[in-house]
Amino acid sequence: MDKKNISSLIERRAQEFIDLAEKIWERPEVALEEVYASSLQMEYLAANGFRVRNVNGLSTAFTAEFGNGKPVIGLLGEYDALPGLSQKVTAQREPIAADDPGHGCGHNLIGVGCIAAAIAIKELIEKGILNGTIKYFGCPAEERFGGKRLMLNANAFDGVDCCFSWHPESVNKITKETFRAIYDVSYRFRGTTSYIAADREMGGNAVSAMELLNIGVQYLRAHLNDDYIIEYCVTKGAETSNVLPEITEISYALRADNTDQCKKLVERIGKIAEGAALMSGTTVKPEITGEYYSELYNEVLGDIVYRNMVEVPRPEYTPEEIEFADTLAETIGKFPVDRTKSYYGIVETQGSMHRGVAKQDRISYKPASDVGNVSWQIPTAMFFVATNPIGMPMHTWQATATSGSSLGYKGMFYASKVMAASIFELMEHPEKVEAAKKAFNENFADRK
């Protein structure tokens with residue numbers, strides 16, 4: 001067995017992996033509620049000889065390992081869904097159940113793709129071809145709470161030498177600056193309940209406080225450059241116009257190129273919140289609900305993954321799959337398609353699907369991931385695989401459709417083969433693990 005033949009270990013069990021991903025897609029669960037998905041994966045891995053353990057304090061987080069000794073290589077799986085993105089596998093908006101969640105970020109594929117790679121490496125360890133330990137991490141709540149951050153706090157990653165992960169996208173790529181930092185912060189204002197038409201003088205107005213904060217944040221935007229993105233939603237407001245509520249709450253997602261920039265932005269918005277409370281006669285309680293670090297890129301692991309992305313054959317699509325992809329692409333319009341092709345220099349395509357590998361370069365990737373948190377503790381590589389038509393964004397009903405389709409499954413298998421080949425290379429050449437650790441230490445010292 002050599003690295004080029006490792007794909008056969010995944011292909012002969014392909015239907016098992018499709019069934020796992022499909023079952024999770026059919027029963028989407030939001031952050032920290034992934035009881036079915038985590039149990040399904042735990043049972044499958046235990047049945048295949050892995051030592052499975054829950055993570056203390058997190059009911060839907062677990063680890064599963066096989067083998068003994070060094071190196072210990074981790075695979076970061078996910079399985080949480082997004083609210084309101086229920087969708088059938090069709091090219092027009094057609095929810096399975098209105099307002100239900102859906103896998104609009106392809107997390108049903110991420111975890112199972114990592115499991116497929118873990119199973120392949122496990123078989124090689126079992127046969128004595130490789131030495132070391134393969135460890136799968138079932139990570140909940142990537143979308144809302146940063147589940148990997150919570151697992152780091154529980155010491156779940158202790159003893160791991162290197163980690164790999166992947167994510168669905170519309171382009172095959174690994175870049176040297178893959179994603180930004182993000183802080184999720186909520187501000188809860190407490191005032192006095194009253195009948196506003198007659199008793200407005202009784203106390204603080206929590207609705208006014210929330211509005212004053214948001215107005216201040218909108219004015220703050222004029223003093224921020226393009227390094228920052230601010231998103232928000234009202235998570236608790238008034239239920240009727242003639243009763244002033246005691247409590248209101250607004251939540252912000254603050255994105256920046258690095259964690260320090262996010263922290264400074266939290267401080268500035270915190271002062272605006274204090275001013276809003278003062279002006280409205282209320283009190284305010286801020287809470288950081290999620291911290292997603294920017295990636296600490298590891299050039300040794302990044303180069304290994306990129307080389308395997310080039311060497312592993314990319315998916316080929318049937319005429320029916322291309323027709324589905326092309327029809328989906330029409331729903332997003334021409335501009336995002338042309339922009340994405342230009343941005344990444346895309347040439348090799350099959351219909352609306354990317355079939356090449358974008359060049360490694362320093363392209364800033366605006367979305368965030370809690371894989372970044374792991375990358376500041378352990379040498380880590382994350383890459384992206386085309387499961388969507390070129391230019392089609394994640395967190396959409398279209399992405400839910402592809403995540404439950406053969407387009408998604410083909411991308412999942414490509415990702416699993418790339419990870420398995422990369423782990424094979426590290427276990428066959430342990431000196432590369434040491435090189436990745438050295439690069440991590442040097443990069444960490446430069447960025448600290």
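A disulfide is a pair of cysteine sulfur atoms within 2.5 Å. Keep that cut-off in mind as we look at this structure, which is a predicted model.

Cys-114, for one, is in no disulfide, and its nearest cysteine sulfur belongs to Cys-139, 8.5 Å away. Are Cys-114 and Cys-262 buried or exposed? Cys-114 is buried, at 0% relative accessible area, and Cys-262 is buried with a value of 0% too.

| Cys-114 | Cys-139 | 8.5 Å |

Now for the strands. Strands of a sheet pair through backbone hydrogen bonds, either parallel or antiparallel. Here, 4 strands make an open sheet, ordered S7-S8-S6-S9, with antiparallel pairing. At the edges you'll find S7 (229-236) and S9 (283-292), each pairing on one side only. On average, neighbouring strands are turned by 20 degrees against each other, ignoring direction.

Take a look at S6 (residues 181-190): 9 bridges join this strand to S9, and the two run antiparallel. Arg-190 stands opposite Thr-283 in S9.

Two helices go with this sheet. Helix H6 (residues 206-220) packs on the sheet and touches S6, S7 and S8 (247-256), with its direction at about 15 degrees to that of S8. Helix H7 (residues 259-280) lies across S6, S7, S8 and S9, and runs at about 15 degrees to S6.

Conventions:
Residues are numbered from 1 along each chain as its sequence is written. This is a predicted model: local features need pLDDT of at least 70, side-chain atom pairs count only at pLDDT 80 or more; totals for chains, interfaces and linings use all residues. Side-chain values use heavy atoms; hydrogens and water are left out. Buried means under 20% relative accessible area, exposed over 50%, partly exposed in between (1.4 Å probe, protein chains only). Two strands pair if DSSP finds at least two bridges between them. Axes are lines fitted to C-alpha atoms, for helices over the stretch in contact, and angles run from 0 to 180 degrees between N-to-C directions. Contact means heavy atoms within 4.5 Å.
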